[in-house]
Amino acid sequence: MPRTTDGDGTPVPQRLLAAATRLFAEQGYDRTSVQEIVEAAGVTKGALYHYFGSKDDLLHEVYARVLRVQQERLDAFANADEPIEKRLRGAAADVVVTTIENLDDAAIFFRSMHHLSPEKNKQVRAERRRYHERFRALVEEGQQAGVFSTATPADLVVDYHFGSVHHLSTWYRPDGSMGPKEVADHLADLLLRALRP
């Protein structure tokens, strides 16, 4: 049975994911070998295959772990007892901040998604669709209540916002002129302005 932690108590799956994320970001998914990942994580191939069935599973988990956090947070915003404008703005800003906080993961995913097996690709698309549908439901709630304009279909509003979010990994720099919260505030404000009646 592989060790579950190393000397400093870091669980092996986390070490493998950290090593894979760094190597995929630096070298690209297709140019990173399983051997390089296990050496960087300080574990055996047996340990990797114990926790992840394949390199493909690691790539999927790089993205899925961020999406799980974002989904939980979106659900919390959507279920909050607050006006719809506040809930949508909070959710719109949060997805920007959490994407910036996990920029390597986002960059890896959008660069390498085509490497996923058809089954994993289908699973990721379903997970993303669930997130986008929950976000769209907030827009539709505001439109039905007369708080948001119905001039632009909710689907297009969502695509507009997430196009900006998915593009972050191509231009955002941690040492740039704006921090995550500032970028998030600007993009959330743009979204809300586009929805004004």
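Because the model is predicted, local features are described only at a pLDDT of at least 70 and side-chain atom pairs count only at pLDDT 80 or more, while totals for chains, interfaces and linings use all residues. Residues are numbered from 1 along each chain as its sequence is written, and side-chain values use heavy atoms, with hydrogens and water left out. The term pLDDT denotes the predictor's confidence in each residue, on a scale from 0 to 100. The protein chain has an average pLDDT of 91, and 96% of its residues score at least 70. Where pLDDT is low, the predicted coordinates should not be read in detail.

The protein chain contains nine helices and zero strands. Here helices (H or I, at least four residues) and strands (E, at least two) are DSSP runs, numbered from the N terminus. The order of elements from the N terminus is accordingly α-α-α-α-α-α-α-α-α. Taken along the principal axes, the C-alpha atoms fill a box of roughly 60 × 35 × 30 Å. A contact means heavy atoms within 4.5 Å. Of the contacts with a separation of 6 or more, 67% join residues 24 or more positions apart.

The interior may be considered next. A residue is called buried when its relative accessible area is under 20%, exposed when it is over 50%, and partly exposed in between (1.4 Å probe, protein chains only). Buried residues account for 45% of the 197 residues in the protein chain. In soluble globular proteins, nonpolar side chains tend to be buried together. A nonpolar core is a set of buried Ala, Val, Leu, Ile, Met, Phe, Trp, Tyr and Cys residues joined through side-chain atoms within 4.5 Å. The largest such core has 57 residues, and those with the most contacts inside it are Leu 16, Ile 37, Leu 58, Leu 88, Val 96 and Phe 135. Helix H5 gives the most to this core, with nine residues. Leaving out residues up to four places away in sequence, Leu 16 touches several residues, including Ile 37, Val 38, Tyr 51, Phe 52 and Leu 58.

Individual residues illustrate these terms. Ala 188 belongs to helix H9 (residues 180-194). Why is Ala 188 classed as buried? Its relative accessibility is 0%, so Ala 188 counts as buried. Beyond residues up to four places away in sequence, Ala 188 touches Arg 89, Ala 92 and Ala 93. His 161, in helix H8, is likewise classed as buried because its relative accessible area is 2%. Apart from neighbours within four places in sequence, His 161 is in contact with Ala 92, Val 95, Val 96, Phe 135, Leu 187 and Leu 191. Ser 149 is found in the loop between H7 and H8, and its relative accessible area of 17% is the reason that it counts as buried. By contrast, His 50 lies in helix H3 (residues 45-51) and is partly exposed, because its relative accessibility is 40%. The C-alpha atoms of His 50 and Pro 13 are 37 residues apart along the chain and separated by 9.3 Å.

On a 1 Å grid over the protein atoms alone, a cavity is a set of points where a 1.4 Å probe fits but cannot get out, and a pocket is an open set with protein on both sides within 12 Å along at least five of seven lines; lining residues have an atom within 4 Å of a point. Grid points are joined across faces, edges and corners, and a volume is the space filled by probe spheres set on the points.

How many cavities of 30 Å³ or more does the whole structure hold? The search finds one. For the classes, Ala, Val, Leu, Ile, Met, Phe, Trp, Tyr, Cys and Pro count as nonpolar, Asp, Glu, Lys and Arg as charged, and the others, Gly among them, as polar.

The largest pocket has a volume of about 170 Å³. Helix H7 (118-144) and helix H8 (154-171) each give two or more residues to its lining, and H7 supplies the largest share, six residues. Among the lining residues are Arg 125, His 132, Glu 133, Asp 155 and Val 158. The lining of the largest pocket divides into one nonpolar, one polar and seven charged residues.
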